[in-house]
Structure formats: C-alpha cells, structure tokens
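Please keep the sequence and the model in view while reading.

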Amino acid sequence: MPLVFAGVCSHAPGIVGRADQADPSAKDRLYEAFADMRQRLEASEPDALIVVAAEHFANFFMNNMPSFAMGMADYYEGPIENPDWLGIQKTQIPGNRSLSERLIRKVMERTDLSYAEEWKFDHGIMVPLHFLTPSYDLPIIPANINCQGPPLAPLHRAWAFGQALRDAADSVPERVALIGTGGISHWPATPDSGKINESWDRKFLDEWSRCDKEAMLSYGDSQSYLDAGQGAFEIRTFMTVSAATEGAPGIVHFYEPIPIFAVGCTIGTIDLDAPQLPSVH
Amino acid sequence: MSLYYVQKFLFELNRDEGFQARYANDRRGALDGFDLTDEEERALIEPDIGLLFHLGVNGQILMHFAALHSIEWQDYLQRMRDGLISHGPVREGVYAVTGYEGVDAHSERLGQTSNTERGN
C-alpha cells in the first residue's frame, strides 16, 4: 500500500552524545521537534520503517562499496560506536526479513541495489531511532546511500532509488513508513566541525518542501563541497524521500543551526494527504 | 602513501571489539597485514590524530579512533587543527582540496552570527 509516513531528520552523533554542551533551549526545541515527529510516525500506525541513511564506514568500505544497499535480516545491532561517546546503549533492533526481501526484489526492477543480511547501525540510524522508536519495537529496514567514499552515485540515481522505494512500498500489503536521515551543509568530524551555511540550507529546504526536482538535481557535488562541505553529499537521503513522495509537499517543522551538533538540525515531514503540487519540471 | 590501508585498518578496528583488544595489547602487532609506510605506522601507534588527518583519513573514521583513545571532542578537533599547522594541508582524499577555514571565519564571511558562539 502507499507509504503511510515520510519524513527527514538530522542524525548527527552530537545530538545525543554532546547534548550537555549545547545551548539548553536550542537542544530542547530540537528534542521537542523529534518528539512531535515520533507522534506523527506513531499515528500512521506503521508495520515497518525504512531508514534511508548515509552510513559512515560501519559496514561498507572502499574495498566493496555499494552505491545503494538495503538490509535483509530479522534483526540488526547498534550502535557501532562507543555507547558512552554516542550516549546510546548497544541494543538489538528488530528487522523483517520477509518484508525486506519483497521490497528489495521490487526496488531491483528499477535500480541497481546491494543487499546485506547483517548490518551494524551507526549514529546515522541510531540517533533517529533513539528519538523516533526509543523502545526499538518497530521493525526497521535499513537502506544506505554511499555519501562518504567518492565516486558517489549521481543525484539522479538517488532520485531513481526513491522512486523505486515508492513502487516497492506500493507493492506490499504492510504499512510502510520512510525516513531519510542526513545533514544539509556541514563539515562533520573535521577541524571545521560546527561550520554551517544557513542560507544554503534554507534554500535547499525550500526546494525540498516544494519537491522541486529540477532544482534539487542541479546540485553538483563539487560545488556543494565548496559551499556546504562534504556533509552536503548527504542531501541524497532527503532527495530520496522527495522522489518516493513525488508531488507531495514537504513541511519543515524545525531548522536551527546548532554548532556543537555540527549541523543545521532539521525535522521535516511530507504531507501525504495534500493535493499534488503542480509539476515544476 | 597508502591512505587506503590506513583507513582500512581503522575501519576494521572501529567495528571489531576483538581487534580493539588486540590493538590495546600490541599496537604494532595489530598493524600486521596492512601495507603501511613507517610514517603511517607511527601515526597509528602513537596515535597522532593530527598526522592522520593530514594524511587524508576521513573524519568519520578518525573520530571513532579518537574516541577509542578517550580523546575528548574539543581536543580531537584541536589535534586536527594542530596537525594542519605542523604538517601542512591534507595530502589526499576527500579533504585534499580545502584548507581549514575555521568556524568563526566562515560565519563572518557569510554574514552569519549564529554560528560563532562556539568554535566547534
């Protein structure tokens, strides 16, 4: 059936791990926005949640790097990081192998995809789950787009991946929710950690909210790198959600640069019930 | 230069607690099987975070290595900045084409004020 929920959020490890170093009021506003996103997700009564992440060398490395991958297991483990460093305890996260396999087979009809029968979640998935499914009682289907080790699949392939995910969700009887997690402009884990290009972020989020495919596909990695850091390669995760809900408007519920979290923290959902946006391409 | 194998070592170390125990007991021995230069071996054994960043190690791999050594976040960032001063710009990899600008300088250039509250 059609996706029951779709949204985007930040996943920076500092959001939990360095929470005590942030401006308390800014941190509280972000946490409230996450709590609101959780309520919206739960209200959609999903059977499973696809998390399109941009993992950080927890599972995939340059010896064998897939551009796109999805998990196909009944359970996963995470976080890979030191629990004290991340602020999230190690746990087992439920999956759904049967649903994963049916989704993967459908996605493969439109795009090249790797699958993984084991997957260690890093902060890219664990931070969103910490807020959205803190009891770890919702089956998760991890998906990954290589946003770390160039060469990266071009943006229009991420768009095709999102379209394929939509087809896949449509083809199964389960109620499937979808989130994309990543940063917009940021320079994470580098000496420039904390740099945020707010105007770049707001321009991209405006295009995301209008599902402006042409505008979003026009970002080149070389220019994005100069304007918005290597973290901006992760806009692929947001665009995948746009492609999976093409024509539906996005609502940015929260955006605020929080330097100690190393990113302009973002919470957004897609209004799946709204009238379709006019075509912009 | 064998940035690939420096990062491969760190990738395997970061995700394998057994390997971490082996590295804790015998840092040099844990490097067996990786095609590394003397400089790279020294950086991994010491560890020299600034040199590893200068060599081009991806921060997403390096920050976990720093956490493994209980290097606090602000100290981790400073060690990379110090490494760029001591050794020069990043030699290769994703970061090779840019230098360190600094958070405050970046915010000032963009006319932003909200990012200057902390240099992180």
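Does A:Cys265 count as buried or exposed, and what is its relative accessibility? In this predicted model, A:Cys265 has a relative accessibility of 0% and therefore counts as buried, the cut-off for that class being under 20%.

**Cysteines**

The count of disulfides over all chains is 0. A disulfide is a covalent bond between the sulfur atoms of two cysteines. A:Cys147, at 1% relative accessibility, counts as buried.

**The contact between chain A and chain B**

How many residues of chain A are in contact with chain B? On the side of chain A there are 39 such residues, and they are in contact with 40 residues of chain B. The two chains bury about 3,400 Å² between them, and carbon and sulfur atoms give 59% of that area. Within chain A, the residues that lose the most area to chain B are A:Phe61, A:Ala189 and A:Pro191, which together account for 20% of what that side buries.

As for polar interactions, 10 residue pairs are in polar contact between chain A and chain B, counting pairs in which both residues are at pLDDT 80 or more. The count of salt bridges between these chains is 1; A:Lys195 forms a salt bridge with B:Glu101, and the closest N and O atoms of this pair are 2.8 Å apart. Two elements of chain A, α7 (198-209) and α9 (221-228), are those that give two or more residues to the side that touches chain B. By residue class, that side of chain A divides into 19 nonpolar, 12 polar and 8 charged residues.

**A residue in a loop**

Where is A:Thr133 placed in chain A? A:Thr133 is in the loop between α5 (123-132) and β7 (140-145), and with a relative accessible area of 5% this threonine is buried. Leaving aside residues up to four places away in sequence, A:Thr133 touches A:Leu41, A:Pro128 and A:Leu138.

Notes. Residues numbered from 1 in each chain as written. Chains lettered and ligands numbered in written order. Predicted model: local features only at pLDDT ≥ 70, side-chain atom pairs only at ≥ 80, totals over all residues. Heavy atoms only, no water. Disulfide = S-S within 2.5 Å. Buried < 20%, exposed > 50% of the residue type's maximum accessible area, 1.4 Å probe, protein only. Contact = heavy atoms within 4.5 Å. Buried area = accessible area lost by both parts, 1.4 Å probe. Salt bridge = Lys/Arg side-chain N within 4 Å of Asp/Glu carboxyl O. Polar contact = N/O pair within 3.5 Å; in protein donor to acceptor, adjacent residues only side chain to side chain. Helix = DSSP H or I, 4+ residues; strand = E, 2+ residues; numbered from the N terminus. Nonpolar A, V, L, I, M, F, W, Y, C, P; charged D, E, K, R; others polar.
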